[in-house]
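Hi,

Here is the structure I said I would pass on. Have a look at it first, and then read my notes below.

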Amino acid sequence: MGIVNVTPDSFSDGGRYASTALAVEHALKLIDEGADILDIGGESTRPGATAVSLGEELNRVIPVIEALSAVSTIPLSIDTYKPEVMRAAIAAGIDIVNDVRALQEGSGKDGALEIVANSHVGVCLMHMQGTPQTMQLNPSYSDVVSEVKQFLTDRLHAAIAHGIARERILLDPGFGFGKTTAHNIALIQHLDDLANIGSPLLVGLSRKAVLGKIAGGDESQRLHAGLAASVISVMKGAKIVRVHDVKATVDALKVVTAILIE
Ligand code: 7PJ
């Protein structure tokens, strides 16, 4: 899954793809590099990032989805927790809703769960402790692996109970979302346990702070650390890795699958 940021304050691309044309160009490059899914986001959820308004988020992502859905050869995902953005993205041709709030918000009529349930799209349910504004202040668990596993299991069952078929659902431990370095490492170590829940796992570690904590380096210097994380995630059962650096990741994972599967 290649990341397409359409946001001036995003975690890594610093607004370079802020315009529709640049975002589409970047997306097409990621397809060329071997991405199987594109994840389009208009609001940064990096720790401490300020929220963007609904109108601004729609203005960023919908033109990109409309342009890409006409030409893309691969499924498109929208990274949003806003029900209104989900609804508009579905109308514009999105294939997957990627919700860092795991469809928790808006449990009433026309909430996120209902919007996804009343559509045909797939959904990624991610674990987060707290909110993007506060989540890294004091992450705390008595047992991070079992708590994340319980949360994902509960959200999976809630989604199924609302009529979202199991086959449409992906689960994600939410690396960096209310987790210390030790929490993130424990979750990678026990990814095979999370894979036992039974739904495909999506893992997002690309350029994240935990890689810098382990290997050093700022966001632009975390490629090699990220490749190690992608490789071990797939070896421990992840089915999708969400990354900025598609070409390098595809090459690394081709070697993994050639050795492990063929
Ligand atoms: C994730 C995400 C992730 C899923 C972001 C960043 C922050 N969606 N959206 N999983 N991270 N499903 O890329 O650093 O880990 S935004």
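A word on naming before anything else: helices here are DSSP runs of at least four residues, numbered from the N terminus. Also keep in mind that this is a predicted model.

Let's start with Arg 155, which sits in helix H5, residues 144-161. What is the nearest side chain of opposite charge to Arg 155, and how far away is it? The answer is Asp 99, at 7.1 Å. A salt bridge needs a side-chain nitrogen of Lys or Arg within 4 Å of a carboxyl oxygen of Asp or Glu, and Arg 155 has none, although it is buried.

So who does touch this arginine? Setting aside neighbours within four places in sequence, Arg 155 is in contact with Ala 102, Leu 103, Gln 104, Leu 113 and Leu 125.

Two of those contacts deserve a look of their own. Ala 102 is in the loop between strand E4 (96-99) and helix H4 (112-117), and Leu 103 lies in the loop between E4 and H4 as well. Most residues other than glycine have a negative phi. Ala 102, though, has a positive phi of about 55°, and the phi of Leu 103 is also positive, near 60°. Are they buried or exposed? Ala 102 has 1% relative accessibility, so it counts as buried. Leu 103 counts as buried too, because its relative accessibility is 1%.

Searching the whole structure turns up three cavities of 30 Å³ or more. The largest cavity holds about 70 Å³. Which helix gives the most to its lining? That is H9 (residues 223-235), with four residues. Among the lining residues are Arg 207, Arg 222 and Asp 245, and by class the lining of this cavity splits into three nonpolar, four polar and three charged residues.

H10 gives the most, with eight. In the lining of this pocket, 14 residues are nonpolar, five are polar and three are charged.

Cheers

Technical notes:
Residues numbered from 1 in each chain as written. Predicted model: local features only at pLDDT ≥ 70, side-chain atom pairs only at ≥ 80, totals over all residues. Heavy atoms only, no water. Helix = DSSP H or I, 4+ residues; strand = E, 2+ residues; numbered from the N terminus. Buried < 20%, exposed > 50% of the residue type's maximum accessible area, 1.4 Å probe, protein only. Lys, Arg positive; Asp, Glu negative; His and termini not counted. Contact = heavy atoms within 4.5 Å. 1 Å grid on protein atoms, 1.4 Å probe; cavity = no way out; pocket = protein on both sides within 12 Å on 5 of 7 lines; lining within 4 Å. Points joined across faces, edges and corners; volume = space filled by probe spheres on them. Nonpolar A, V, L, I, M, F, W, Y, C, P; charged D, E, K, R; others polar.
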